[in-house]
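Look at the two chains shown here.

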Amino acid sequence: MRGRGWTATRVLAAALACGCALAPSGVRGAQQPGVAVAPTPAGQSATTLPNRPDSLKFLVLGDFGTGDSGQYTLAKQMVDLYARFPAQMAILVGDNLYGSERPQDFQKKFEQPYKPLLDAGVKFYASLGNHDAREQRYYKPFNMDGKLYYSFKAPKQDVRFIALESTYPVPEQITWLENELKNAKEAWKIVFFHHPLYSSGKTHGSELKLRDTLEPMFAKYNVSVVFTGHDHIYERVKPQQGIVYFVAGSGGQLRKNDFVPNQPFSAKIVADTQVFMAIEIFEKEMVFNAIAKTGKVVDSGLVLLRDSK
Amino acid sequence: MCVLAVLALAGSPRAQDRVNPEAKALADFHTRVDEYYALHKKLEATLPKLPKDASPQQIDRDQRSLEALIAAERKGVRQGALFTPEVQRVIRDILARLFQGPDRAKLRNSIMDENPGRIKLTINGRYPDVVPLANMPAAVLKAMPPLPEELEYRFVGDALILLDAHAHIVVDYFDRVLP
């Protein structure tokens, strides 16, 4: 892979023995050539979040703002995890509020379920999905600073996050993105937005036109990880051009078993329960856990920082 | 020179006749969208600027204030003011071409996902609070005439609406759009 100008992000410990919410046929463990993958041995538990004091800890949530029991149950798991894993922040990959967006909806679909996290000072950074009104960018707890697309440096570790608006990606945004990526000095570049460039979701699937536009830039400027939503499943994609993609679109909404099996890019799908992600970055390592509303870890692993050479 | 000029003048009406009707309809649509956009901006400028750390109440108030201003200014505007019959034809053609491809079923599924179905639409009326905004696939957006940031295309059932995203009102719409 070095010959192509980059070193593939290596994903370790992909498969899980216990807690897997999918039937075996739904688990995809095939490996991309050139990417080192070391599955967790059978019977062993999921890759543990190291919980280092100086690490960046964050949560990933998408397609959550329903206000119904699925969202609330998963939110409780997030709160329970926070007691053991004090995340500094959370990123939202869109569809933050479904249906109406009256003041009481912001309460019911966001402020109430995540109140303990908000009260504890966890900062939420939102991107907008196709169901979100653009005025959400002014909503203080979403920390968008009035912008549809924006970037920020993480409070810990050498990480830059870039949030995009993928429903109406105007040309100005693409120019802005290229400048942001070009000028970013941080080792880790993590991009998040709503529409997935890779997804096995049956209802929507991969956004190919968006992929044509964004992926060459992600590869050129050394993006390590991309988080998206839109399809109401959890999916981890095999590294593509060295980039690890996740779909985290079942944070409240769930479309049971709504996926096309055996997509060549797919590494792991969980499509029968709501899922959020807990992530920890320390120096050149990113450990991830995908956690179901039962509290069970349904996917986990380690992503190594892409080599910038 | 005089002869050439005369020939040029004589030829010009016929050249105009040959203008592609699709291009003409789209140019007309752009003009109408620009006029709406200018109105939107003019009225928006009369409102207090929404702070970057707004509360949901402030967001709601701001939205409804703009809605009222636009509705008052556009009183009497009827359906088809932006989506003229010619533009409707062009958009139906664009979508028909798009739906001829192999992804027809996938495209339709994506559009109909969380689509609220047919609801009563009113020009300058507020998009119903309890009705979700349906998905607009990137392939459809790429094929459609571009819009300024304040305006969005959305499907409601098989009608296409032009939504003012800030004021949250229906600017125009037309039915039976999907092939």
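Which elements cover the buried residues of α1(A)? The cover includes β2 (56-61), α2 (103-111), α3 (115-119), β12 (275-282) and β13 (285-292) of chain A. Covering rests on contact, meaning heavy atoms within 4.5 Å. Helices (H or I, at least four residues) and strands (E, at least two) are DSSP runs, numbered from the N terminus.

This is a predicted model: local features need pLDDT of at least 70, side-chain atom pairs count only at pLDDT 80 or more, and totals for chains, interfaces and linings use all residues. Residues are numbered from 1 along each chain as its sequence is written, chains are lettered from A and ligands numbered from 1 in the order in which they are written, and side-chain values use heavy atoms, with hydrogens and water left out.

**Helix α1 of chain A**

Helix α1 (residues 69-84) of chain A has 16 residues. From first C-alpha to last, α1(A) reaches 23 Å, close to the 22 Å expected at 1.5 Å a residue. The expected span is 1.5 Å times one less than the number of residues. The buried residues of α1(A) are A:Gly70, A:Gln71, A:Leu74, A:Ala75, A:Gln77, A:Met78 and A:Leu81. They cover an arc of only 155° around the axis, so they sit on the same side of α1(A). The arc is that of the directions from the helix axis to the C-beta atoms. Buried means under 20% relative accessible area, exposed over 50%, and partly exposed in between (1.4 Å probe, protein chains only). The face turned away from the buried side carries the exposed residues A:Ser69, A:Lys76 and A:Ala83. An α-helix has 3.6 residues a turn, so residues three or four places apart point the same way.

At the N-terminal end, A:Asp68 caps α1(A). One of its side-chain oxygens lies 3.2 Å from the backbone nitrogen of A:Gly70.

**A buried loop residue**

A:Gln274 sits in the loop between β11 and β12 of chain A. Is A:Gln274 buried or exposed? A:Gln274 is buried, with a relative accessible area of 6%. Its side chain reaches the backbone oxygen of A:Gly252 at 2.8 Å. This is a polar contact (a pair of N or O atoms within 3.5 Å; within protein, one must be able to donate a hydrogen and the other to accept it, and residues adjacent in sequence count only if both atoms are side-chain atoms). Leaving aside neighbours within four places in sequence, the contacts of A:Gln274 include A:Gly70 and A:Leu74.

**Two sheets**

Strands pair if DSSP finds at least two bridges between them. Both sheets below are open.

| Sheet | Strand order | Pairing |
|---|---|---|
| Seven strands, chain A | β5-β6-β7-β8-β10-β9-β11 | mixed |
| Three strands, chain B | β1-β2-β3 | antiparallel |

In the chain A sheet, β5 (150-153) and β11 (266-270) stand at the edges, each with a single partner strand, so one side of each is left without a neighbour in the sheet. Four bridges join β8 (residues 225-228) to β10 (residues 244-248) of chain A, and these two run parallel. There A:Phe227 stands opposite A:Phe246 in β10(A).

In chain B, six bridges join β1(B) to β2 (residues 159-164), which run antiparallel. B:Phe155 stands opposite B:Leu160 in β2(B). Helix α2 (residues 21-44) of chain B lies across β1, β2 and β3 of chain B, at about 110° to β1(B). Axes are lines fitted to C-alpha atoms, for helices over the stretch in contact, and angles run from 0 to 180 degrees between N-to-C directions.
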